[in-house]
Amino acid sequence: MGKSRKPATTRTRSGEAPGFAVRHVAADMIDSVLHRHRVLDELLDSTSEFVSLAERDRALVRVLVATVLRRLGTLRHLLGLFLDRGLPAQTPRVETALLIGASQILFLNVPDHAAVDLSVRLAQADRRAAGFAGLINAVLRRVAREGAARLAALDTSVLDTPDWLMTRWTASYGAATARAIAAANRAEPALDLAVKSNPEHWAEKLGGRVLPTGSVRVIATGAVSALPGFAEGAWWVQDAGAALPVRLLGEVRGRRVADLCAAPGGKTAQLALAGAHVTAVDRARARLQRLRDNLARLALKAEIIAADVEEWSAEPFDAVLLDAPCSATGTIRRHPDVPWLKNAEDIVKLSALQRRLLDRALALTKPGGTLVYCTCSLEPDENEAIVADLRARAPNVRRTPIAAAEVFGCAEFISKEGDLRTLPCHFPDSDSRFAGIDGFYAARLLKRQ
């Protein structure tokens, strides 16, 4: 990706208020997500002004942007209560300045006067929004006076999830579970690590804990690369849910295994560590470079191929893992831009792609071999329906149910069909910082001889 496109703004560097640069970068990113449908991770990687900030300031940008996106529905509702005439048209920076200001007042430990002042300055630095600086000042002062009381009266878990998603989750999982998923998505997640060995040691070293799945969960601040064990390749970042599908392949030592749609490579690393002869395939060259870098740091080996899985051919493999592109609705706790970038039409388009990819994965599986299909989506249209469609068309495919013992005894992770299904509200904890897991689905299929 190239450098992010910047909105039309005029900046004054001399005499810039402390903290303004951080808010300005955060505002640019929020605008890019909400109004230009840019993916947040890509912005964090490609925005030169963000990369040039000190680590402490980059951390604050991440917190500001994530808080606005996690609480977007609540913030928009509350601001609407204080805007008699609604938002001015054609001035997106007005809403963004209000969102940043209100999020700091209501959810972050920022003094009200600083939050108001810096949001006013954000408007003043934008030629289209400058005339609304007084409005922003007045509205945010009302938020500071009345916002907490108004907030207490709202059903915020529903507000912060788009209606189309809440409707789908309620239909799929029931109202209570849908609300629990929505609540889990609003909490900032901990950092999960897959360790090469001795998880207890690394949990103690990093001040974290070992999860029932063997992952190490830590509350990390600052750069991940500065944590003990990173440079020597003792672990890699991988959500506990994402680490489960590889386990469904069973013993892979000495076997040829294809990891399809492999980048950024957490599952490739698992397979390589387990002794498989791994071929990792992905069409995203930039993401494959990250995979190469991670494998080099971890001192693990895999064959890496840049190709479109739909068009790639090879001798059939003993086992195939397909982590298909999906709506990623199971990862909203880590990627709070997802609900505001995706819609129901995307799921229809993605399900067509998933069917084609699963057909290709089956062709790449030896007779008698195992195929695991997985996504980080909560949507049955991208999961159970895809597997059911394949089985209806391919009589040589049999589902192999998963036993709770294969997922560390976590019976709640097994669906009634015998597939893997984790939900963001799984792994509750009295300390909310350690709660939750990404939503993953996986089905294990046997290709008959």
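## Contacts of Glu 382

Glu 382 touches Cys 326, Ser 327, Ile 347, Leu 350, Gln 354, Tyr 373, Thr 375 and Ser 377, when residues up to four places away in sequence are not counted. Contact here means heavy atoms within 4.5 Å. Glu 382 sits in the loop between strand E9 (365–375) and helix H17 (384–393). Its relative accessible area is 0%, so Glu 382 is buried; buried means under 20% relative accessible area, exposed means over 50%, and partly exposed lies in between, with a 1.4 Å probe and protein chains only. From C-alpha to C-alpha, Glu 382 and Ala 133 are 45 Å apart in space, and they are 249 residues apart in sequence.

## Basis of the model

The structure is a predicted model, in which local features need pLDDT of at least 70 and side-chain atom pairs count only at pLDDT 80 or more, while totals for chains, interfaces and linings use all residues. Residues are numbered from 1 along each chain as its sequence is written, and side-chain values use heavy atoms, with hydrogens and water left out.

## Overall build

The chain contains 17 helices and 12 strands. These are DSSP runs numbered from the N terminus, with helices (H or I) of at least four residues and strands (E) of at least two. Along its principal axes, the C-alpha trace spans about 75 × 45 × 45 Å. The radius of gyration is 23 Å, which agrees with the value near 22 Å that a compact globule of 449 residues would have. That radius is taken over C-alpha atoms, and the globule rule is 2.2 Å times the number of residues to the power 0.38.

Of the 449 residues in the chain, 53% are buried. Among contacts between residues at least 6 apart in sequence, 70% join residues at least 24 apart.

## Surface and charge

## Nonpolar cores

A nonpolar core is a set of buried Ala, Val, Leu, Ile, Met, Phe, Trp, Tyr and Cys residues joined through side-chain atoms within 4.5 Å. The largest one has 52 residues, and Met 29, Val 61 and Val 143 have the most contacts inside it. Helices that each supply at least two residues of this core include H1 (20–36), H4 (55–70) and H8 (133–152). H1 gives the largest share, 9 residues.

Leaving aside neighbours within four places in sequence, Val 143 is in contact with Leu 79, Phe 82, Ala 102, Ile 105, Leu 106 and Ala 148. A second, separate core has 35 residues, among them Val 252, Ala 269, Leu 321 and Val 372.

## Backbone details in loops

The loop between strand E5 (256–260) and helix H13 (266–273) holds Pro 264. The peptide bond from Ala 263 to Pro 264 is cis, with omega near 10 degrees. Cys 261 is found in the loop between E5 and H13. Although Cys 261 is not a glycine, its phi is positive, about 60 degrees. With a relative accessible area of 14%, Cys 261 is buried.

His 37, in the loop between H1 and H2, has a positive phi near 55 degrees and is a residue other than glycine. His 37 counts as exposed, at 51% relative accessibility.
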